[in-house]
Amino acid sequence: MKPIIFNTEMVRAILDGRKTVTRRAVKPQPVMDLDKMWHWRDCQWMDGGLGFLASAIEDYAPYQLGQTLYVRETWCNYGELDDNDQVIDGTEQYYYRADGENPTPFNYIIENDKRRDYPIWHPSIHMPKKAARIFLRVKDVRVERLQNISGQDLSKEGICTREELCNGMARGDFDGFAAFAQLWNRTIKKADLKTYGWDANPWVWVIEFEHIGKEGAESEKD
């Protein structure tokens, strides 16, 4: 079982059943030579050819078909306080920012002897596996250029609130593609936008998944 990180907006889309696909940049990016042949690790192909897209995907994909993933999201861990502002044993539990700015049942918390009105959230990358509440099973993995995303895939990415708004959408219709481009760029460091940003049209892994219950996920060995 491997972790996969999603921001708060996309966690909500998964929980709502609107997101069943995610795209992740291929790193490092394939390089094209003077003969317009793409090279990546020990694979090479022409545009439209198979290359590692089919022949080596099982060897290089970050996630494999049938694999279970646990989602890392923005989180915190708090418990009920007694009259002396000490955590009562057995009351600690995990909370998630996707559930609201303050989903805890507490009006305040004590941090460094100071009262705060809201929780201190921890970055998703630091979330321990035991805190995971969302589990995904990989249904398909493929590789394509980022800007090749279709209107139908926009809906699978959670961009449209209703699938029919995106299905059959042509580039330039609505603002779904622009919305996805903005969403994508927010996940890329500013220093990397020239390589991995929307305008760079990078090669990306396309991971299709289904949301499964914790019981099914726990049956898979680490």
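Which side chain does Arg 23 meet in a salt bridge? Let's start there. It's Glu 157, with 2.9 Å from N to O. Keep in mind that what we're looking at is a predicted model.

So where do those two sit? Arg 23 is in strand S2, residues 21–25, while Glu 157 is in the loop between helix H4 (151–156) and helix H5 (163–166), so this pair ties together parts of the chain that are 134 residues apart in sequence. And is the pair buried or exposed? Arg 23 is buried, and Glu 157 is buried too.

A search of the whole structure turns up 12 salt bridges. Some of the residues involved are linked in a network: Lys 19, Arg 23, Asp 140, Arg 142, Glu 144, Asp 153 and Glu 157. Within that list, Asp 140 forms a salt bridge with Arg 142, and there the closest N and O atoms are 3.6 Å apart. If you check the accessibilities, Asp 140 comes out partly exposed at 29%, and Arg 142 is partly exposed at 25%.

Okay, another bridge. Arg 133 and Asp 99 meet through their side chains, 2.9 Å from N to O. This pair links distant parts of the chain, 34 residues apart: Arg 133 is in the loop between strand S10 (114–116) and strand S11 (135–145), and Asp 99 is in the loop between S8 and strand S9 (109–111). Arg 133 counts as partly exposed, with 27% relative accessibility, and Asp 99 counts as partly exposed as well, with 44%.

Stay on Arg 133 for a second, and bring in Glu 73. The side chain of Glu 73 makes a polar contact with the side chain of Arg 133, at 2.9 Å. You'll find Glu 73 in the loop between strand S6 (68–72) and strand S7 (75–78). How buried is Glu 73? Its relative accessible area is 1%, and the cut-off for buried is under 20%, so Glu 73 counts as buried. Leaving out residues up to four places away in sequence, what Glu 73 touches is Phe 6, Val 11, Tyr 96, Ala 98, Ser 124, Met 127, Arg 133 and Ile 134.

For another glutamate, go to Glu 80, in the loop between S7 and strand S8 (93–96). Glu 80 is partly exposed, at 41% relative accessibility. Beyond its neighbours within four places in sequence, Glu 80 is in contact with Gln 86, Val 87, Ile 88, Thr 91 and Phe 106.

Now for the nonpolar side of things. The largest nonpolar core has 42 residues, and the ones touching the most other members are Phe 6, Leu 136, Phe 180, Trp 184 and Trp 205. Which elements supply at least two residues each? Those are H1, S2, strand S4 (37–40), strand S5 (43–46), S6, S11, H6 and S12. The largest share is from S12, with 6 residues. There's also a second, separate core of 10 residues, which includes Trp 75, Met 127, Ala 131 and Ala 132.

Phe 180 brings us back to where we began. Not counting residues up to four places away in sequence, Phe 180 touches Arg 23 and Glu 157, along with Leu 146, Ile 149, Leu 154, Ile 159 and Trp 198.

Phe 180 is one of the buried residues of helix H6 (residues 176–186), the others being Gly 176, Phe 177, Ala 181, Leu 183 and Trp 184. On the face turned away from the buried side, H6 carries the exposed residues Gln 182 and Arg 186. The buried ones pack against helix H1 (8–15), S2, H4, helix H7 (193–196) and strand S12 (203–212).

Last stop, a sheet. There's an open sheet of 3 strands, in the order S3-S4-S5, with antiparallel pairing. Its edge strands are strand S3 (31–32) and S5, each pairing on one side only. S4 and S5 pair over 4 bridges, and Trp 38 stands opposite Trp 45 in S5.

Conventions. Residues are numbered from 1 along each chain as its sequence is written. This is a predicted model: local features need pLDDT of at least 70, side-chain atom pairs count only at pLDDT 80 or more; totals for chains, interfaces and linings use all residues. Side-chain values use heavy atoms; hydrogens and water are left out. Buried means under 20% relative accessible area, exposed over 50%, partly exposed in between (1.4 Å probe, protein chains only). A polar contact is a pair of N or O atoms within 3.5 Å; within protein, one must be able to donate a hydrogen and the other to accept it, and residues adjacent in sequence count only if both atoms are side-chain atoms. Contact means heavy atoms within 4.5 Å. A salt bridge is a side-chain nitrogen of Lys or Arg within 4 Å of a carboxyl oxygen of Asp or Glu. A nonpolar core is a set of buried Ala, Val, Leu, Ile, Met, Phe, Trp, Tyr and Cys residues joined through side-chain atoms within 4.5 Å. Two strands pair if DSSP finds at least two bridges between them.
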